[in-house]
Amino acid sequence: MVKNEDLFKKIVSHCKEYGFVYPSSEIYDGLAAVYDYGPNGVELKNNIRDYWWKSMVQLNENIVGLDAAIFMHPTVWKASGHVEAFKDPLIDNKDSKKRYRADILIEDHIAKLEEKINKEIEKAKKRFGDKFDEKMFRETNPRVLNTQNKIDDITKRFADLTNNNDLKGLRALIEELQIACPVSGSRNWTDVRQFNLMFSTQMGSLIDEAGSVFLRPETAQGIFVNYINVQKTSRKKLPFGIAQIGKAFRNEIVARQFIFRMREFEQMEMQYFIKPGEEAKWYEYWKEQRMKWHLALGIPAGKFRLHDHDKLAHYAKAAADIQYEFPFGFKEVEGIHSRTDFDLTAHQKFSGKKQQYYDPDTKESYVPYVVETSIGLDRMFLAILANSYYEETLDDGSQRVVLRIPPLAAPVKVTILPLVKKDGLPEKARQITDKIKNDFMCQYDEKDAIGRRYRRQDAIGTPYCITIDHQTLDDDTVTIRERDSMKQERISIEKISEIVCERINTNV
Ligand code: ATP
């Protein structure tokens, strides 16, 4: 097993070496928190995207797709509350001159306390063995109780401070908790200030206020302003959903952790329009559905957790995160938000256009409520990679790095390898490649010894390698090698597509 601290660094360098992710404009030393996806990265990303789209649009009769523009009328962002409220509280350390998000400093402090409890539990588990009752231990152990009380107290005060926009209070809390700057180690903090995360640019030739437009900080608003168009043209009745995948932009204050927090990233969002009063039911429904989607990929359930928000975004009535255990801790990959009629009512007010739905069953008109699911494609990409990276020592003592990417998401599904580069094997291998490349992403590789070629495919997560040897010329059979077990079996050429398709399929 690779240690967590090392794992993250290894994943970052593996991503570059094997064409998954490069720093943007690297020859100019990069652009902070902006990344480009290479040949394998773009395939993996497309596959995650397709898996999401299929589960939302193809498999749900009442969910349809949309592709709205990135630029939107500037009033959209006034109505949505982003001009006023899409801000993060930032704080600087005077000694290191490093800038932090005040809320994240406090959240990290809480995470450390949770870690302390987990360590106590691990120790007790070892001591008591099978007899260990975690629930009872949490409820009775004085050290755990004491730490848990601290967590509850900080969490409550933190939520109150952020909900009341109390910046002085946030600074006081950071000082009281004696949070130090990880770089300088000092507690010499500035005041907390608010910082709007939206990027703006000029549209047209006039450089003035009127020509100013924002790069969208979320894809959701494109769905809200189109909801009437979509509802009418697709003749949907409530409840129905609109799904969209697209770029979003945020001028993140602290952009670290590789593609976890980027300034340009991609969201996959679905807004589900419902009858007011049914929000609790649909909120629970979508939390469950989305967790199922994650688990169907085969990532262990223990790697995910649901976390209810104490601090709510300006639009939300209830919100939960699906968090994945990254090498740097449990962090959000997806949010499920009960947004009420906040957005549609605001657009109705600012645009002067009715955003009501006529309910043919009750013969009433009302503004629908919305439950949304919002997942970051790049964060999901990172979660999949982090879960996939393994370093192994094989029976013969050699080492391999293998990405156990869920087959459905793997960039290349099958690579065709002639055992040697002579005796007609390359020609036969090319024929087979031509035959199956219509069915899934294939590669052909004849360079280097077979062992090295297998290593190359393991390193990019190719689930199946097909090897063509002399026997293939006699009886039209090949060996198929499975990435994780490295087991090989002999199958006929005719069966390759069928077998691979069956094994790489994932049902949501
Ligand atoms: P965080 O608290 O981590 O900043 P958020 O709560 O602001 O995230 P949402 O506004 O709920 O995030 O956005 C929905 C999803 O979009 C997130 O779950 C995440 O996967 C993704 N996302 C948000 N910001 C970024 C970013 N800067 N880089 C990459 N993905 C992001």
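I start with the second largest pocket: by class, its lining has nine nonpolar, four polar and five charged residues. Keep in mind that this is a predicted model. The space in the second largest pocket is about 380 Å³. There are 18 lining residues, and Asn-47, Asp-50, Leu-408, Lys-413 and Ile-504 are the closest to the centre.

Where does the lining come from? The largest share is from α2, with seven residues. In terms of domains, domain 1 (1-78 + 211-402) and domain 3 (412-504) each supply at least three residues to the lining of this second largest pocket.

Now the ligand. It is surrounded by 16 residues, and the closest are Glu-252, Arg-261, Met-262, Glu-332 and Val-333.

Which backbone atoms come up here? A polar backbone atom of Met-262 is 2.8 Å from a nitrogen atom of the ligand. For Val-333, a polar backbone atom is 2.8 Å from an oxygen atom of the ligand. On the side-chain side, an N or O atom of Arg-379 is 3.0 Å from a ligand oxygen atom. As for burial, the ligand taken alone exposes 590 Å², and the protein buries 88% of that.

The elements giving two or more residues to the shell around the ligand are β10 (264-274), β13 (329-340) and β16 (369-376). With five residues, β13 contributes the largest share of that shell. By class, the shell is made up of four nonpolar, five polar and seven charged residues.

That is all from me.

Definitions and conventions:
Residues numbered from 1 in each chain as written. Predicted model: local features only at pLDDT ≥ 70, side-chain atom pairs only at ≥ 80, totals over all residues. Heavy atoms only, no water. Near = heavy atom within 4 Å. Polar contact = N/O pair within 3.5 Å; in protein donor to acceptor, adjacent residues only side chain to side chain. Areas by Shrake-Rupley, 256 points an atom, 1.4 Å probe, with all protein chains shown as cover. Helix = DSSP H or I, 4+ residues; strand = E, 2+ residues; numbered from the N terminus. Nonpolar A, V, L, I, M, F, W, Y, C, P; charged D, E, K, R; others polar. 1 Å grid on protein atoms, 1.4 Å probe; cavity = no way out; pocket = protein on both sides within 12 Å on 5 of 7 lines; lining within 4 Å. Points joined across faces, edges and corners; volume = space filled by probe spheres on them. Domains from an automatic or database assignment.
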